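Trainee: Could you take me through this model feature by feature, giving me the general idea before the particular case?

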Amino acid sequence: MASTHGAAQVLVASNRGPVTYTQDETGALTAKRGGGGLVSGLSAIDPESGAVWVCSALGDGDREAVRRGVAEPGVRMLDIPADVHHDAYNGVANSALWFVHHMLYQTPLEPAFDAEFRRQWASYETYNHAFAEALAQEAAEGAAVLVQDYHLTLVPRMLRELRPDLRIGHFSHTPWAPVDYFRLLPDDIAARVLHGILGADRAAFLTRRWADAFTECCDAVLGPDASSGTRIGVHGLGADADFLRARAHQADVDERMTTLREQIGTAPDGTPRRTVVRVDRTELSKNIVRGLLAYRQLLDDQPSWRERVVHIALAYPSRQDLAVYRDYMTEVQRVADDINERYGTPGWTPVILHLKDDFARSLAAYRLADVALVNPIRDGMNLVAKEVPVVSDEGCALVLSREAGAFEELGDDAVVVNPYDVVATAAALHQALSMPGGERAERTKRLAAAATALPPTQWFLDQLRALEEA
């Protein structure tokens, strides 16, 4: 009997794929290729492997492309019904699993895992099963499959049942919750999530802290040694230095730098103003509001910095289809406006806030940064903490939350803060702004070296090799 298996020797599965489609008024479709570590990694694989990326159609353009049979080479996009995707993505992945792993719930009021959540969970199962079936169809005998993130926690077990011959890995890009917080999830669903990931030959994480938390949850929820059949790995994704340095010196970045310098201005004595830079999505975990409050506290506690420093806050939209994220962006704007109204002068705007995504502007801000503020409540890694030292023109001091995954690699050369402590973060900003130039330059060199130790292509290939060995 002829094999019904596909030809792909290497497969990646993720909610968001490497390409998106838009449809114009004439009905014509345009494809836009994305970047990131997975794209870089797949590009390094032998073309003869017939690598395939399985992803979900996310918008109307994507769904229309699938219906017309339009596809990029090596990409299989799934036209999962929009309502099923919405339930799985927004109802479960982003409103439950994300909140649990980032410890974001206001527990007196939430979560409440009611009948509506159970209905959404059924969609999450359907969504995961669609991925498992597609991977089973596309994979060659004994192929390696790398499943990505909290959207697809059930896929490894489902795929194992369909194709026991495959080598399956799962990678978590988020933190992993400690046992007591993870057990906010209903008992059966907590078990399903863990059991799903343990269907993989290998489960990998960004830091040892998150890996250990996962195995502790397995022991507590499923029983001692529950994870013993799955190898646990750690791969700390680094910055792509070659790409960043080249991209940061293109003409559009130089143009953004000119504009930002005009907005920053000079101090009353004619000296350049210092800059505190943050670049984030307006995700609740990024702690942008407390960062602004800490900057306000700095201006209160250290009035000598007034008119001598500017906070460049690039806070780009995230998950605006969820009301809690829209409300958070509104609060970011409100606090920034309050600081500018309270302290601003005709020649000085204390906070320069941009809410529209612009990668060239982000790189310009990186280059101009005297201080980079990275203070997440919790973060799987946080690449901004790694990218700024790589790109900074004059060297920058890094104010870093101890709850960022990047703390494990960068903490020794950062000014480390408790992300909830506004007063201490203000003091850290003062320390960073006051750091002598020589010390700042030396720290930046060490930060950049640590930040680029495992660039995206190597990060991906290391996982692939480890899975093959498993």
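This is a predicted model: local features need pLDDT of at least 70, side-chain atom pairs count only at pLDDT 80 or more; totals for chains, interfaces and linings use all residues.

Trainee: Which residues have the most contacts inside the largest nonpolar core?

Mentor: In soluble globular proteins, nonpolar side chains tend to be buried together. Here the largest nonpolar core has 161 residues, and those with the most contacts inside it are Phe131, Trp176, Phe182, Phe214, Leu398 and Val399. Such a core is a set of buried Ala, Val, Leu, Ile, Met, Phe, Trp, Tyr and Cys residues joined through side-chain atoms within 4.5 Å, and buried means under 20% relative accessible area, with exposed over 50% and partly exposed in between (1.4 Å probe, protein chains only).

Trainee: In what order do the 6 strands of the open sheet lie?

Mentor: The order is β12-β11-β10-β13-β14-β15, with parallel pairing; strands (E, at least two residues) and helices (H or I, at least four) are DSSP runs numbered from the N terminus, and two strands pair if DSSP finds at least two bridges between them. At the edges, β12 (351-354) and β15 (415-417) each pair on one side only. Neighbouring strands of this sheet are turned by 20 degrees against each other on average, direction ignored, the axes being lines fitted to C-alpha atoms, for helices over the stretch in contact, and angles running from 0 to 180 degrees between N-to-C directions. Strand β14 (residues 397-401) pairs with β15 in the parallel sense over 3 bridges, and the bridge partner of Leu400 in β15 is Val416.

Trainee: Which residues of β12 are buried on its two faces?

Mentor: In a regular strand the side chains alternate between the two faces of the sheet. In β12, Val351 and Leu353 on one side and Ile352 and His354 on the other are all buried. Helix α10 (residues 251-264) lies across β10, β11 (309-316) and β12, and runs at about 145 degrees to β12. Strands β11 and β12 run parallel and are joined by 4 bridges, with Ile312 standing opposite Ile352.

Trainee: How many salt bridges does the structure hold, and are Lys286 and Asp379 buried or exposed?

Mentor: Side chains of opposite charge can pair when their charged atoms come close. The structure holds 31 salt bridges, each being a side-chain nitrogen of Lys or Arg within 4 Å of a carboxyl oxygen of Asp or Glu. One of them joins the side chains of Lys286 and Asp379 (2.7 Å, N to O). This pair links distant parts of the chain, 93 residues apart, with Lys286 in the loop between β10 (274-281) and α11 (288-301) and Asp379 in the loop between β13 (371-374) and α14 (384-391). Lys286 counts as buried because its relative accessibility is 12%, and Asp379 is buried at 8%.

Trainee: Where do Arg342 and Asp338 lie?

Mentor: Both lie in helix α12 (residues 323-343), 4 residues apart, about one turn of the helix, and their closest N and O atoms are 3.4 Å apart in a salt bridge. Arg342 is partly exposed, with a relative accessible area of 46%.

How values were computed: Residues are numbered from 1 along each chain as its sequence is written. Side-chain values use heavy atoms; hydrogens and water are left out. Contact means heavy atoms within 4.5 Å.
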